[in-house]
Amino acid sequence: MTDVPMFYYTTLAALLFSIGAVGVIVKRNPILIFMSIELMLNAVNLSFITYSRYLHFLEGQVYAFLLITVAAAEVAVGLAIIVALFRSKREVDVDAASLMKE
Amino acid sequence: MAISFEIVFFGVFAGIAVILAIMMLSVKSPVHAALCLVGVMIMLAILYLMLHAYFLSVVQIVVYAGAVMVLFLFVIMFFYSPGASDPSRMSVHFTHIAGAIILAVILLAVITGSFLLSGNVSLTEKPSAAQMTDIEKPIAETSEAPLTEETSRMIEKQNPQLVGRMLFTKYLLPFELTSLLLLAAMVGAVVLARRSPPAEAGSAGGDGND
């Protein structure tokens, strides 16, 4: 087996996930929020692959692959929404996108 | 207990990844944030290599660091005017040239080093066809069985084959469903990003001036 304990990898994944979560909460620029979501998805991917390696369970890598596909689809649609948002309001703040609130 | 190389490598790459992730949130320009995110993706790809997930490591670089980040940069470039730093006004400093030369030397060293190393290792003992089939045989039998120590060692060697076999046999339905998902996402992105035609832009009203 490897010399690195599994704990290290899961801690790294948790750290990256938390940083991404902070970015989602703190940032107001929709593109930066989106990047933070990508970071969170990557952290989840890392934990999938870590468990796949340490528990000898190859399904984890299959799930990670499917997750990458879903993330790619999500990025395409999300960026299209951001483009539409920028086009309708010349605004780079997510708080300005309150059209559907009422 | 002596600290092994693997832990050192893990520490370096994980540290760089965390620092870049924090930098992503702290830098001002969205372009710089995107570049930091590319760095995080590449560090994660290296960590996937350390976890023996070779296939996913390459997919990570091609899909995330390649396609996804290019999409991000496209949107950023479309909607954020560079402002003070005009990209058309290229001013070449001495430091730029020096950095380029140093990077070129490092690249040359890496390429020649890898050539020298591969000349020692892989050219002399290239795996023959008989060996390959010998390795592949037990995988087909044990793909459904619980993994033992030997098959886990096999996973380290034959990761892309095993993942591909799993994707196209046991997980064929989810795999095909992702193609449907990608198609739906593509159609959705085209519909959302398209300029709405003036006939149905009644609600949008004033800003429909192309």
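User: How many of the 25 residues of helix 2 of chain A are buried?

Analyst: Happy to start there. This is a predicted model, in which local features need pLDDT of at least 70 and side-chain atom pairs count only at pLDDT 80 or more, while totals for chains, interfaces and linings use all residues. Residues are numbered from 1 along each chain as its sequence is written, and chains are lettered from A and ligands numbered from 1 in the order in which they are written. A residue is buried if 20 or more other C-beta atoms lie within 10 Å of its own, exposed if 12 or fewer, and partly exposed in between, with C-beta atoms placed from the backbone. Helices (H or I, at least four residues) and strands (E, at least two) are DSSP runs, numbered from the N terminus. In helix 2 of chain A, 20 of the 25 residues are buried, so this helix is largely enclosed by the rest of the structure.

User: What span should the 25 residues of helix 2 of chain A have?

Analyst: The expected span of a helix is 1.5 Å times one less than its number of residues. For helix 2 of chain A that gives 36 Å, and its end C-alpha atoms are 36 Å apart, which agrees.

User: Where is Pro30(A), and which residues is Pro30(A) in contact with?

Analyst: Two residues are in contact if their C-beta atoms, placed from the backbone, lie within 7 Å. Pro30(A) is found in helix 2 of chain A, and it counts as buried, with 22 C-beta neighbours inside 10 Å. Leaving aside neighbours within four places in sequence, Pro30(A) is in contact with Ile82(A), Leu85(A) and Val94(A). Val94(A) is 64 residues from Pro30(A) in sequence, yet the two are 5.8 Å apart in space, C-alpha to C-alpha.

User: How many residues does the contact take from chain A and from chain B?

Analyst: One general idea first: the size of an interface is often given as the accessible area lost when the parts come together. Here we can count residues instead: 44 residues come from chain A and 53 residues from chain B. On the side of chain A that touches chain B, the elements giving two or more residues are helix 1 (6–26), helix 2 (30–54) and helix 3 (59–88) of chain A. Helix 3 of chain A gives the most, with 21 residues. For classes, Ala, Val, Leu, Ile, Met, Phe, Trp, Tyr, Cys and Pro count as nonpolar, Asp, Glu, Lys and Arg as charged, and the others, Gly among them, as polar. By that scheme, this side of chain A has 32 nonpolar, 9 polar and 3 charged residues.

User: At what angle do the axes of helix 2 of chain A and helix 3 of chain B cross?

Analyst: Two packed helices are described by the angle between their axes and the distance between the axes. Axes are lines fitted to C-alpha atoms, for helices over the stretch in contact, and angles run from 0 to 180 degrees between N-to-C directions. Angles under 35 degrees count as roughly parallel, over 145 as roughly antiparallel, 65 to 115 as roughly perpendicular and the rest as oblique. The axes of helix 2 of chain A and helix 3 (residues 54–79) of chain B come within 12 Å and cross at roughly 175°, so the two helices are roughly antiparallel to each other. Ile31(A), Met35(A), Glu38(A) and Ile49(A) from helix 2 of chain A meet Leu56(B), Val68(B), Phe72(B), Val75(B) and Ile76(B) from helix 3 of chain B. That contact has 8 nonpolar, no polar and 1 charged residues.

User: Where is the kink in helix 3 of chain B centred?

Analyst: The bend at a residue is the angle between axes fitted to the seven residues ending there and the seven starting there. In helix 3 of chain B the kink is about 30° and is centred on Met69(B). This helix has 26 residues and reaches 36 Å from its first C-alpha to its last, close to the 38 Å expected. Its buried residues pack against helix 2 and helix 3 of chain A together with helix 2 (30–50) of chain B.

User: Which residues does Leu47(B) touch?

Analyst: Leu47(B) is in helix 2 of chain B and is buried, with 24 other C-beta atoms within 10 Å. Not counting residues up to four places away in sequence, Leu47(B) touches Leu46(A) and Phe13(B).
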